[in-house]
Amino acid sequence: MGAFMHRRRLAIIVMVAACGAPAIAGAQSPCGEPPGQPDEPVRHAAERLLALADALGGGVADEAFRTRVGRARSVDALAAAAEHLVTLRIHVNPESRVKLRVVHPVGDLVVGRPRPLLVAIVNEAGVTAPLSLSCRDRSLGAARPADFCRVTLRDDGLSAPRLGGAALEWKLADITVAAPGRWEVGLEADVGQGTQDLGFRSTADVLLRGVRGTGGEGGD
Amino acid sequence: MARAGGRSAAVWGGVTVVGLAVVGAALVSWAEQPMRRAGVEPFPAVATVERQPLLAATTRLAEALGQCGASVPDSVLERARAAGDDAATAAAVQAVLDPLCLCAIDLSGADPRVVPADGPIDLVEQGWRTYLVKVVNPRGRTDRIALSSPQAQPLPKARREEVAGRWLAIGMVDRQPLAATLSGLDLEYRIVELFAREAGPAFARIECTVGDGPPTAGADMAFRARASHPVTFRITDEPDRPAAAKIEITDASGRVYPPQAKRLAPDLFFQRQIYRFDGESVRLPDGRYRVTCSRGPETVPETIDLVVAGEPVEVRHTVVRWIDPSRSGWWSGDHHIHAAGCAHYESPTEGVEPIDMLRQCMGEDLKVGCCLTWGPCFDYQKRFFTGRPDDVSRPPYLLRYDIEVSGFGSHVSGHLNLLRLTEQIPPGGDSKHHWPSLGLNTLRWAKRQGAVCGPAHSANGLTNTVGRLSGTEGKDGPGRLPNYDIPAFDGIGANEFIVDVPHEVPGPDGTPVPAVDFISTMDTDPTAELNIWYHVLNCGYRVRASGETDFPCISGERVGLGRVYVKLDGPLDFDTWVEGIRSGRSYVSDGTTHLADFAAAAPGGGMVECGVGTSELALGDPAEVTFKATVAARDPRGGAVPVELVVNGRPVAREEMPGDGRERPVTFRQRVERSAWVALRSVPRAHTNPIFVTVGGRPIRASADSARWCAAGVEQCWKTKERSYRPEELAAAREAYDFARRAYARIEQECAAP
């Protein structure tokens, strides 16, 4: 994971140490975040993260989350605050090899209704190529595009497929299942030709369940 | 083999023959269905499972078995896929896979239950056997699942009386395409690998853990390990020299030996093959094997049927070459291989050692390996840099450590191969955290010490496009070479290259030298690699091409997938060899096609050999020039191999060469009207470096469109890379980009001039 993870470990150590230290009234938050305004890039990242969390819906951007994000003074602290919201984690190594992990279950999906997923991207290569996500079906042998599932990266004012080159960024993806029942889908990520990881770590196989919506939601 | 755990082997002795037929043969013969002994509890059956996820999981399982060196015939899987509905599919899958199982784990109750297969289970002395574990999971659990055994406890720190009983090793295979946790499907199969220390019968308690905590279920099982024997390789190269070779060993089931999943250096787990020197060996159990020996793309593979039957055996292989370029002074090399990172492991060791990399090179008959230290394991691997070939080198096989700027410093604007460094780290630190963020600054430091430098995996960042150069519709060459699409410059290949090429920087004696010596080819999209090279050559910049693999990142298959062959007049030494990359006395190749001795002759008798001197043939006036080369190509299917003469990036003549491996002269006569660069190519297999033919002393200004394309590239590169430059280098970056803008604008004007 290189320098980013090293920094991240350091940040966690610093936070733990601060939480364990005697509290000095007015000098430090309970979580050890230093007082004062965050740096501009961190502030922007925090605003963006809050907007993405709002777009996830379901009330995930609750007060506790907003407080943690508001107190964050580093991108690492933001990452920790958003950890529980992340479904897919993508790591682009210095050679632009992509590794994809499903870090939290996708859960049940209402048939025909897109479910937004928060995608965290650790970009050690600093590439600015578009990130591509796709669904594969291996049930018939060689992987082929899945006709029962679709995943797309949002391309709107909030999220865009092209990476920004930052060491860590978040994006929104929408996943949709087309029919009820359980399905195994192979999610696949790349950042351009030849960036799929050796040993196909750029794929993650997930068991999904499509459920019928109520009151005319979705459809199959 | 030891007996352990207080249960007598005699208790199990009566079932040996039947048990071997049931489970041991299961991975060997798929036609045989198991015969369970009376009284043995059958595996729990699952009546129905959704068809799509079960088949997808079964496909992944088959892929994972392949990675373990085991295999499931496609026909067997097809039978399962042909089943009509969910119930039939579930029945078919269980019929196919249950016989391959060590045990079943039944998760239908509150506690897991282990149901053993009929024993004894077939194992191999000093080897690994692969089995499946059936998991019946009606509750949809998604916990981690693992098998263990008291007999598989580690030997370090064991009591003396425990050592004999710890004869087993167990490894769960849960890397992708599998996962460490259960999927939640009612039925799935996991892979387990078992290792036996000694031959003979033994037993072990196999325990199961689902989720966290200690094992919650177990069963006693009988095993029988077949004896293995040393297989010694006798390898000679022409003429009767002991040598190294690439060796791939498979059994009748397609299982690879030694098992990949348990390899440590010198055998690399991500390769099917191993490399052995003459006199070295492996241990194999009794059985029939297919052994394929070769020594790189210049040799003809030999397949040997091997029978191991109760005693040590020797395998003799004499390397047969269809070509040996080194006999004509052409020395192969790969300027970009790694001993750490990507497919290599970081534990138990931080990558592998120089001797391991030399073994790879010698087994592929790759004369020069440029082993580049980069981001992963940098602080461990940096110790191998000496500023000369490593001591493990065995001339004519040279291994030298240098640097790829990757994962640090200026890597975002494009990785740089820095060869023949005298100092591997810039002043100001002893690791990778203080390097310049501007590639040109990295090059300034490297070129000052006489390094030979060029971008790595060049096409990365050049395959996405952001538009097309105006006014170039219909101007693309055949096969889109050249083309005028403007790349996004959004990756880590030859990106800042487009800015750096026009620059000269101080060399070792302060004299200005080109900042970039070569562009890497042969490991990424060939069209994108060649397109940017052709455009800068069309502007008159004399950048050369070299060949690389980026092992084991772009490919872990083998070193030397992409090669450069450098012509030397005397014995091989690294400094002279790498100088041949800089001067272009070289061609790039995948080893199957060779374009040697490229030279140009003027009508009056003047002759220039590619890479000698300035590679320039000076004509006073337009004239017909004769271009010659020695071509050899080997196409296993016997097909013809096209060789093209390229002038200013466009093919002007073509010869079909027989792919029979024989060396043949090829001659082209081409009238050169104005200054041009000329090369031979056989895309994507091989490409020569250029010869520069000047007419009337004029520089090469082949294409105003190429100059415009390069200028557009500078603009696009700035858009994507500006943020990667540190504030303290931003002024230098702006200056560098402005310099490149001015250079390409000037060249465009000169191209347009009469």
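Figure 1. Leaving aside its neighbours within four places in sequence, B:Val405 is in contact (heavy atoms within 4.5 Å) with B:Ser410, B:His411, B:His415, B:Leu416, B:Leu418, B:Trp435 and B:Thr442. With a relative accessibility of 0%, B:Val405 counts as buried, where buried means under 20% relative accessible area, exposed over 50% and partly exposed in between, using a 1.4 Å probe and protein chains only. The C-alpha atoms of B:Val405 and B:Ala456 are separated by 9.1 Å, although these residues are 51 residues apart along the chain. Residues are numbered from 1 along each chain as its sequence is written, chains are lettered from A and ligands numbered from 1 in the order in which they are written, and side-chain values use heavy atoms, with hydrogens and water left out. Since this is a predicted model, local features need pLDDT of at least 70 and side-chain atom pairs count only at pLDDT 80 or more, whereas totals for chains, interfaces and linings use all residues.

**Figure 2. The disulfide between B:Cys342 and B:Cys553**. A search of the whole structure finds one disulfide over all chains, a disulfide being a pair of cysteine sulfur atoms within 2.5 Å. This bond joins B:Cys342 to B:Cys553, with an S to S distance of 2.0 Å, and the torsion about the S-S bond is about 100 degrees, so the disulfide is right-handed. B:Cys342 lies in the loop between strand 19 (330-337) and helix 7 (354-363) of chain B, and B:Cys553 in the loop between strand 29 (544-547) and strand 30 (563-567) of chain B, so the pair ties together parts that are 211 residues apart in sequence. Both B:Cys342 and B:Cys553 are buried. By contrast, B:Cys101 is in no disulfide, and the nearest cysteine sulfur, that of B:Cys103, is 7.7 Å away; B:Cys101 counts as buried at 1% relative accessibility. B:Cys610 is likewise in no disulfide, the nearest cysteine sulfur being that of B:Cys370 at 19 Å, and B:Cys610 counts as buried at 6% relative accessibility.

**Figure 3. Packing of helix 2 and helix 4 in chain A**. Helix 2 (residues 40-56) and helix 4 (residues 75-82) of chain A pack at an angle of about 15 degrees, with their axes 10 Å apart; axes are lines fitted to C-alpha atoms, for helices over the stretch in contact, and angles run from 0 to 180 degrees between N-to-C directions. The two helices of chain A are therefore roughly parallel to each other (under 35 degrees; over 145 counts as roughly antiparallel, 65 to 115 as roughly perpendicular and the rest as oblique). From helix 2 of chain A, A:Val42, A:Ala45, A:Ala46 and A:Leu49 meet A:Val75, A:Leu78 and A:Ala82 of helix 4. The residues of this contact divide into seven nonpolar, no polar and no charged, where Ala, Val, Leu, Ile, Met, Phe, Trp, Tyr, Cys and Pro count as nonpolar, Asp, Glu, Lys and Arg as charged, and the others, Gly among them, as polar. Within helix 4 of chain A, A:Val75 is partly exposed, with a relative accessible area of 28%. Leaving aside its neighbours within four places in sequence, A:Val75 is in contact with A:Val42 and A:Leu168.

**Figure 4. Packing of helix 3 and helix 4 in chain B**. The axes of helix 3 (residues 51-67) and helix 4 (residues 74-81) of chain B come within 11 Å and cross at roughly 175 degrees, and the two helices are therefore roughly antiparallel to each other. B:Arg51, B:Leu55, B:Thr58, B:Thr59 and B:Ala62 in helix 3 of chain B meet B:Leu77, B:Ala80 and B:Arg81 in helix 4 of chain B. The residues of this contact divide into four nonpolar, two polar and two charged.

Figure 5. The peptide bond from B:Leu481 to B:Pro482 is cis, with omega near -10 degrees. B:Arg480 has a positive phi of about 60 degrees although it is not a glycine, and B:Arg480 counts as partly exposed at 38% relative accessibility.

Definitions and conventions
Helices (H or I, at least four residues) and strands (E, at least two) are DSSP runs, numbered from the N terminus.
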